[in-house]
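My plan is to jot down what I look up, one spot at a time.

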Amino acid sequence: MATELNEQEIQRRQNLQALRDMGINPYPAAAFPTNAFSTEIVESFRDEDEEQRQVCIAGRMMSRRIMGKASFIELKDSKGRIQVYITRDDICPDENKDMYNVVFKKLLDLGDFIGIKGFVFRTQTGQVSVHCQELTVLAKSLRPLPVVKEKDGQVYDAFSDPELRYRQRYVDLIVNNGVKETFLKRATIIRTMRQVFDEAGFTEVETPILQQIAGGASARPFITHHNTLGVDLYLRIATELYLKRLIVGGFEGVYEIGRNFRNEGMDRSHNPEFTCMELYVSYKDYNWMMTFTEQLLEKICIAVNGTTEVQIGDNMVSFKAPYRRLPILEAIKEKTGYDLEAMSEDEMRKIAKDLGVEETDKMGRGKLIDEIFGETCEGTFIQPTFITDYPVEMSPLTKMHRSKPGLTERFELMVNGKELANAYSELNDPIDQEERFIEQMKLADKGDDEAMVIDHDFLRALQYGMPPTSGIGIGIDRLAILMTGQPTIQEVLLFPTMKPKKAQQNEGEEETEE
């Protein structure tokens, strides 16, 4: 069923037709030869310049003040905003004044894209502006933008509803200041990360998203079906096992930045599809990886914010290396007073109940430690802290600790109360790895739907020999939350996953969801 148009939308369509009737194409195909941007024009202007600078700019008309034969508009381009001064006699040098009196004053609407050719000057009020000498219609906007009004320090009609902002990110980017800046910072994070890896000699690769076995992490996968092969496939939950295959094949350092998919809950810090970076470097261990990681994050923070510190809510977090290193059992003892190291599974289950941690019969010893740490400790680590030496039950792909029986050479990096990175000295003993997979299958038999399944091809790859290797995974979305000081993952995803609606309705109307 066609969407019913409101009065403003009807008027804009009439304006569109009127432009066409005047012989003006509201969507011209020819390129418009821009040679400057708003912010650069303002920053580079000098009053002492002898010659007026000629510029050609383009963007959305965001405001308009008509004063008879002269007007001021605010033009928004990809870099910012600038004032443009428009007079009837400049853009209509002949006797026909329709370009100003009809097109500009009546048929153009806020949100329309226009091109401006003119020169730069400073107004009597001191504002650097562009004096328009030629105006070109570039694209008609058929929907009115939300108009944010401010009076006596109060903001009215703001486009602030989170659901509308995430569903209509294109509008959010247009009208809300600072939104685009968040995503530019996200791009800086990824660009800096790539630069550090490339300078270190590591190779960026791509591995399959559709996989026959969902391996490399403990998570529930999305399942799809391949019609030609007649088999079910999984959207990957991690890139780990394929990247390790490449280490077996002779790459010394490989990394991948890409989407992973986990069929799990959605909240302020989780989205079912998310971006993750995984890096594997041969002849290294988790101690080397901790040092490399803290240096990497320090460089990223400086690139994004110009400093090693960032304000995240009420907390000032410093990414300056080095970071504290604390074994997980010591962290639990430090925060709760309980020493779990020598406890049996039954004793640990009782401690979990005493601490108010939800537990079930499906949980083994490692899962209990994970739950106790998550509920009582994780949220307390604000400054970057490496939590190390996890029990073997929690780490089926990790090398056994060289000096602590029952533990593994693994760390998770906690920042602002959340896990940011997960890393190992990678398990490269194929016999030990097979035994770990078998133990995971026992957990699956007990009802753990996040337990790993046996990947026989990965075991075969290990049997050809994998050198000592360290690997790490860093959640890009969570890193973006931290580096930009945003409160939720939805604020750093351009298009976060949303619950589907029954019908698309005009903005401003109540929306019904399934």
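**Ground rules.** I'm working from a predicted model, where local features need pLDDT of at least 70, side-chain atom pairs count only at pLDDT 80 or more, and totals for chains, interfaces and linings use all residues. I number residues from 1 along each chain as its sequence is written, and side-chain values use heavy atoms, with hydrogens and water left out.

**Whole chain.** I count 15 helices and 20 strands; these are DSSP runs numbered from the N terminus (helices: H or I, at least four residues; strands: E, at least two). The C-alpha trace spans about 95 × 60 × 50 Å along its principal axes. Of the 514 residues, 48% count as buried (under 20% relative accessible area; exposed is over 50%, partly exposed in between; 1.4 Å probe, protein chains only). I also checked contacts (heavy atoms within 4.5 Å): among those between residues at least 6 apart in sequence, 64% join residues at least 24 apart.

**Back to α15.** Helix α15 covers residues 476-484, and nine of its nine residues are buried.

**The barrel.** Next I went to a closed barrel of five strands, which runs β1-β2-β3-β5-β4 with mixed pairing. Its twist averages 55° from one strand to the next. Helix α4 (residues 98-107) packs on this sheet and touches β1 (54-67), β2 (70-76), β3 (81-87) and β5. The direction of α4 makes about 70° with that of β1; such angles run from 0 to 180 degrees between N-to-C directions, and axes are lines fitted to C-alpha atoms, for helices over the stretch in contact. I then zoomed in on β4 (residues 113-122) and β5 (residues 128-139), which run antiparallel and are joined by ten bridges (strands pair if DSSP finds at least two bridges between them).

**Strand β13.** How many residues of β13 are buried? I get nine of the ten in this strand, residues 273-282. β13 is joined to β12 (residues 253-261) by nine bridges, running antiparallel, and N260 stands opposite F274. β13 also pairs with β20 (residues 469-475), again antiparallel, over seven bridges. There, L279 has I472 of β20 as its bridge partner.

**T293.** I met I472 again here. T293 is found in helix α9 (residues 286-305) and is buried, with a relative accessible area of 1%. Leaving aside neighbours within four places in sequence, T293 is in contact with F386, F411, L413 and I472.

**α11 against α12.** My last stop is a helix pair. Helix α11 (residues 345-354) and helix α12 (residues 365-376) pack at an angle of about 25°, with axes 10 Å apart. They are therefore roughly parallel to each other (angles under 35 degrees; over 145 is roughly antiparallel, 65 to 115 roughly perpendicular, the rest oblique). In α11, E345, M348, R349 and A352 meet R365, L368, I369 and I372 of α12. I sorted the contact residues into five nonpolar, no polar and three charged (nonpolar: Ala, Val, Leu, Ile, Met, Phe, Trp, Tyr, Cys and Pro; charged: Asp, Glu, Lys and Arg; the others, Gly among them, polar).
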